[in-house]
Amino acid sequence: MKTEVKNEQLIVLTDLITVLSGNTENGNGYAVFEERVPPLGGPPPHTHPDEEIFYVVEGEFEFILNDLQNPFKALPGSVIHVPSNAVHTFKNVGSTAGKMVVILSPGTLLDYFRVIGNKVEAESDIPDLSRIPDISSIDISRAFNHAPEHNVQFVLPEIMEN
């Protein structure tokens with residue numbers, strides 16, 4: 001028997017996003033969601049026009065903001081502000097699932113998540129977030145293919161030439 005999901009939920013890369021207030025519900029002014037991140041989970045470095053505010057509820061995170069060489073820790077109670085188009089990323093560096101509340105402004109990044117994420121229809125669709133995700137089973141091509149139409153740019157390391 002499948003248990004129905006009440007709030008909109010999406011699996012985006014390694015993370016479970018539960019939408020608390022969608023951008024279409026409030027005139028595209030903002031979006032708010034809870035993000036559950038498994039150990040070692042998180043996105044590649046990227047930029048986008050939305051501003052983001054992360055509030056760490058549970059777990060140990062490492063964030064990067066504009067300087068890929070200088071990550072910093074974020075523990076419960078930390079607030080991290082990511083300005084529009086800033087290079088950033090985060091990773092759960094703890095041994096348990098982490099949880100953050102994220103505010104997007106104007107919230108259009110949520111539309112990107114809806115395109116690249118897998119909609120959760122039932123509780124059984126949610127992966128075990130207490131375990132390190134199997135990266136080889138994640139199709140990141142959707143994230144890269146749809147990024148340009150949502151003004152998302154990934155910042156990937158340059159390959160050295162010989």
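Let me begin with a question: which residues are linked in a network of salt bridges? The members of this network are E34, R36, E58 and K99. Please bear in mind throughout that we are looking at a predicted model. Over the structure as a whole, the count of salt bridges comes to six.

I turn now to R114, which sits in helix α1, residues 109-116. The side chain of R114 meets that of E8 in a salt bridge, with N and O 2.9 Å apart. E8 belongs to the segment before β1 (9-12), and 106 residues separate the two partners, so that distant parts of the chain are linked by this pair. As for accessibility, E8 has a relative value of 23% and therefore counts as partly exposed. R114, with a relative accessible area of 27%, is partly exposed too.

R114 also forms a salt bridge with D111, and here the closest N and O atoms are 3.4 Å apart. Why are R114 and D111 separated by about one helical turn? Because they are three residues apart in helix α1. D111 has a relative accessibility of 28% and is classed as partly exposed.

A further partner of R114 is N23: their side chains are joined by a polar contact of 2.9 Å. N23 is found in the loop between β2 (15-21) and β3 (31-37). Is N23 buried or exposed? Its relative accessible area is 0%, and N23 is therefore buried. The side chain of N23 also reaches the backbone oxygen of G107, at a distance of 3.1 Å.

Finally, I draw your attention to E60 and K73. These residues form a salt bridge in which the closest N and O atoms are 3.9 Å apart; the cut-off for a salt bridge is 4 Å, so the pair is counted. E60 lies in the loop between β5 (51-58) and β6 (61-65), whereas K73 is in strand β7, residues 72-74. The two are 13 residues apart, and the pair links distant parts of the chain. E60, at 37% relative accessibility, counts as partly exposed, while K73, at 52%, counts as exposed.

To summarise R114, its side chain takes part in salt bridges with E8 and D111, and in a polar contact with N23. Thank you for your attention.

Notes
Residues are numbered from 1 along each chain as its sequence is written. This is a predicted model: local features need pLDDT of at least 70, side-chain atom pairs count only at pLDDT 80 or more; totals for chains, interfaces and linings use all residues. Side-chain values use heavy atoms; hydrogens and water are left out. Helices (H or I, at least four residues) and strands (E, at least two) are DSSP runs, numbered from the N terminus. Buried means under 20% relative accessible area, exposed over 50%, partly exposed in between (1.4 Å probe, protein chains only). A polar contact is a pair of N or O atoms within 3.5 Å; within protein, one must be able to donate a hydrogen and the other to accept it, and residues adjacent in sequence count only if both atoms are side-chain atoms.
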